[in-house]
Amino acid sequence: MTSTPSRLPRWGPTLWANAVSFVNARVATAGIDAPIAPSIRFSSRVLSIGERPKAHDTVVNLRGAIVLPGLINAHDHLELNHYGRLKGRDRYENASGWIADMRPRLSADPTIRDGRAHPLVERVFIGMLKNLLAGVTMVAHHNPFYPEMRRTMAVRVVRRYGWAHSFLLERQPAGARGEPGGDVARRWQATPADAPFVLHLAEGVDEEARAELSRLEALGCLKPNTVIVHGVAIDGDGWRRVADAGAGLVWCPASNDFLFGQSVPVRALLDDGDRRGTDRDRSSVNIALGTDSRVTGSRDLLEELREARDAAPVSEAELLRMVTTSAAKLLRQPRLGGLTVGGPADLVVIPPFAAEPAAALLKTTRRDVRLVMVGGRPLVADPDLAAVFRARRVKLRPLRVDAAPKLADAGLVRRIAGCPIVEPGVTAI
């Protein structure tokens, strides 16, 4: 018999909490390319940037650490992150081949059977934890928004969206409870024009995958709110059509390389976007970065950033935008992706591993992350930032992340300790 998991405390405003001022910091604000500010003051929202602390603030000297907007993971399947990487051959021509290889293993492989036996609430919790520890404060889950996610998410999850899995799985099981992938045209039609419509498209390198973009266009579903995940088989002419439609891409280089040995020519898309930028009547492809699940993707978003750097000649600043401002735009999240006065205090603090914030982020692993905060609530931090928990009236407990001592929200630590799925490298103390 499985006990009911305890709920995490709701993130957001905390009664009688003090405002906090980070000083001697390097704050990367909403524009990313904007000047670096030396301080930031916040409660549940950002109160000021670059100003002196106010009376009664809790003042924390960051000693040069870098403050970034909370990162956004633009594509994950939260219920699938307790598995390791799985495939049946070295390279695939189409995602359909990988799916065909996996189907018999669902019942024959005891490790997979055991993983599927865990309650869904525990599986999505591990997906949340994967993201939180890597500095992600918002994630886009590609599948139904399960009721279990309302009581186990310490990070924000995109809630207003439309989705279909893919053309391949329109009438086949795709969700954790066997929900079908969904009729692409009907799902798109049911999605409000101001909400993202997300689907796997052109996931492969063969003619079948290449034909999917034209199929989507023929249905009238390539529109400004269309979010293409993967897009490996789309050629240059296809990407120009995507740009003309105002649609966007979630790039998952680690997953693409694992299955197909290649990915999207992102440099060419960015260069074409720069050329189009001189023409106000022409759009460019907005690109965000996503991890996919650990079944085919990377360990977390920090690792995915390094995979992306190695996969294409993309600058560190461009990669930072893909997990902040560009991701927020693609997912229709105007309040997120930056640090602005009046905006949510969703932020991550990292060590000053490099002079430029983007370069420092590319050197950061999850054990290095100094603080992750959602809505002014500290969730995980280094021990020397205990004052932030006290100021925000958040009870804390010790935690270890990849052998590094941390402090965390006590409710989160209890939840980790009670979860039957072990996240490698994480120990509740």
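Thr291 is found in the loop between strand E14 and helix H10 (301–311). The structure is a predicted model.

- Is Thr291 buried or exposed? Thr291 counts as buried because its relative accessibility is 0%, below the 20% cut-off.
- The side chain of Thr291 makes a polar contact of 3.1 Å with the side chain of Lys130.
- Beyond its neighbours within four places in sequence, Thr291 is in contact with Asn73, His75, Asp76 and Lys130, and also with Gly297, Ser298, Asp300, Leu301 and Glu304.

- In general, the strands of a sheet pair through backbone hydrogen bonds, in either a parallel or an antiparallel sense.
- Strand E11 (residues 197–201) pairs with strand E12 (residues 226–230) over five bridges, in the parallel sense.
- Which residue in E12 is the bridge partner of Leu201? The partner is His230.

**The largest pocket**

- The volume of the largest pocket is about 950 Å³.
- Its lining is made up of 38 residues. Nearest the centre of this pocket lie Leu80, Trp98, Leu169, Pro173 and Ala174.
- Helix H1 (95–108), helix H2 (110–117), strand E11 and helix H8 (253–260) each supply at least two residues of this lining.
- Which element gives the most to the lining of the largest pocket? H1 does, with six residues.
- By class, the lining of the largest pocket divides into 19 nonpolar, 12 polar and seven charged residues.

**The second largest pocket**

- The second largest pocket holds about 480 Å³ of space.
- It is lined by 23 residues, and those nearest its centre are Ser284, Val285, Asn286, Ile287 and Ser326.
- The lining of the second largest pocket has nine nonpolar, nine polar and five charged residues.

**Cavities**

- How many cavities of 30 Å³ or more does a search of the whole structure find? The search finds four.
- The largest cavity has a volume of about 60 Å³.
- Ala74, Ala140, His141, His142, Val158, Tyr161, Trp163, Val198 and Leu331 line the largest cavity.
- In the lining of the largest cavity, seven residues are nonpolar, two are polar and none is charged.
- The second largest cavity contains about 50 Å³ of space.
- Gly70, Ile72, Thr137, Arg335, Leu336, Gly337, Gly338, Pro344 and Asp346 line the second largest cavity.
- The lining of the second largest cavity comprises three nonpolar, four polar and two charged residues.

Conventions:
Residues numbered from 1 in each chain as written. Predicted model: local features only at pLDDT ≥ 70, side-chain atom pairs only at ≥ 80, totals over all residues. Heavy atoms only, no water. Pairing = 2+ DSSP bridges. Helix = DSSP H or I, 4+ residues; strand = E, 2+ residues; numbered from the N terminus. 1 Å grid on protein atoms, 1.4 Å probe; cavity = no way out; pocket = protein on both sides within 12 Å on 5 of 7 lines; lining within 4 Å. Points joined across faces, edges and corners; volume = space filled by probe spheres on them. Nonpolar A, V, L, I, M, F, W, Y, C, P; charged D, E, K, R; others polar. Buried < 20%, exposed > 50% of the residue type's maximum accessible area, 1.4 Å probe, protein only. Polar contact = N/O pair within 3.5 Å; in protein donor to acceptor, adjacent residues only side chain to side chain. Contact = heavy atoms within 4.5 Å.
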